[in-house]
Structures are given as C-alpha cells and as structure tokens.
Amino acid sequence: LTHRTSVSRQMHPNAPPIDIPRSFSSSKMWLDIQVDVSDPAVAYGPMFAPAITLCSLIAASVPPAGLDPSPSLPFWDKARMLLHGQCLLTVNKGTIRLLS
C-alpha cells in the first residue's frame with residue numbers, strides 16, 4: 001500500500017504554486033528480540049571511524065531512492081519509522097577500550 005499526498009510549493013514569487021507529489025511505502029517491520037551477551041570486549045579508536053562511516057553510507061543506500069523531492073532522512077530516523085517493537089539487550093561483564 002502506498003500513500004500519496006501532494007504538497008503545494010511557491011517556487012518563484014511571480015509563478016503560480018506547483019503541486020509536488022509525495023509518496024512513501026508503508027512497509028514496516030515488527031520485532032520482539034532478546035539478546036544475552038556474556039563478557040563482550042569492544043574497542044574504539046580513530047582507526048575505526050572510516051569503517052563506521054562506510055557502514056553508515058552502505059546502510060543509507062539500501063532502500064531505493066524515491067521520487068520524493070524532500071531531503072533524505074538519516075539512517076536512524078528511517079529505522080525509527082520502519083522498525084516497531086522491542087529489543088532487550090542483556091550484557092554481563094562488558095569491557096570497552098578507547099584507543100588513541
């Protein structure tokens with residue numbers, strides 16, 4: 001099911017308003033996940049920044065580009081609109097190392 005709306009925008013003071021069609025798919029995912037983790041070790045430092053940026057760019061390119069002229073949403077905002085439910089994460093004795 002696709003929802004379609006139209007937004008009227010005044011592009012130039014001397015021109016009539018233009019109707020811009022907007023559409024978005026109503027696909028949503030519902031989840032109920034429980035994750036138990038024992039003794040995890042996580043490290044973070046400047047050398048990981050390019051890899052995290054690349055993962056973010058790949059995640060942003062997964063959904064196809066639509067015809068909607070609106071500015072695109074960041075990954076976390078898209079995820080919040082598409083994912084519904086709960087995720088319970090239980091961590092025992094975690095270690096975080098900050099590298100420089």
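Patches are made of residues with over 30% relative accessible area and no salt bridge, where like charges are joined within 9 Å and nonpolar side chains (Val, Leu, Ile, Met, Phe, Trp, Tyr) within 5 Å. A salt bridge is a side-chain nitrogen of Lys or Arg within 4 Å of a carboxyl oxygen of Asp or Glu. The legends below concern a predicted model, in which local features need pLDDT of at least 70 and side-chain atom pairs count only at pLDDT 80 or more, while totals for chains, interfaces and linings use all residues. Residues are numbered from 1 along each chain as its sequence is written, and side-chain values use heavy atoms, with hydrogens and water left out.

**Figure 1. The order of elements in the protein.** The protein has 2 helices and 6 strands; helices (H or I, at least four residues) and strands (E, at least two) are DSSP runs, numbered from the N terminus. Read from the N terminus, the elements follow the order β-β-β-β-α-α-β-β. Among contacts with a separation of 6 or more, 62% join residues 24 or more positions apart, a contact being heavy atoms within 4.5 Å. Of the 100 residues, 3% are buried. Buried means under 20% relative accessible area, exposed means over 50%, and partly exposed lies in between (1.4 Å probe, protein chains only).

**Figure 2. The nonpolar surface patch.** Val-42, Tyr-44, Met-47, Phe-48, Ile-52, Ile-96, Leu-98 and Leu-99 make a nonpolar patch of about 820 Å². Strand 4 and strand 6 each supply at least two residues of this patch. Ile-52 belongs to helix 1 (residues 49–61) and is partly exposed, because its relative accessible area is 47%. The accessible surface of the whole protein comes to about 8,800 Å², and 64% of that surface belongs to carbon and sulfur atoms. Accessible areas come from the Shrake-Rupley method with a 1.4 Å probe; for residues, only the protein chains shown count as cover.

**Figure 3. The surroundings of Pro-46.** Pro-46 is found in the loop between strand 4 and helix 1. Its relative accessibility is 55%, so Pro-46 counts as exposed. Beyond its neighbours within four places in sequence, Pro-46 is in contact with Leu-99 and Ser-100. Pro-46 and Leu-98 lie 52 residues apart in sequence, and their C-alpha atoms are 9.3 Å apart in space.

**Figure 4. The pairing of strand 3 with strand 5.** Strand 3 and strand 5 run parallel and are joined by 10 bridges; two strands pair if DSSP finds at least two bridges between them. Val-35 has Leu-89 of strand 5 as its bridge partner.

**Figure 5. Two loop residues with positive phi.** Most residues other than glycine have a negative phi. Asp-39, in the loop between strand 3 (29–38) and strand 4 (41–44), has a phi near 50 degrees. Asp-39 is exposed, because its relative accessible area is 52%. Lys-93, in the loop between strand 5 (83–92) and strand 6 (95–98), has a phi near 55 degrees. Lys-93 has 69% relative accessibility and therefore counts as exposed.

**Figure 6. Cys-55 and Cys-87.** Cys-55 has 52% relative accessibility, so it counts as exposed. Cys-87 is exposed as well, because its relative accessible area is 54%. The count of disulfides is 0, a disulfide being a pair of cysteine sulfur atoms within 2.5 Å.
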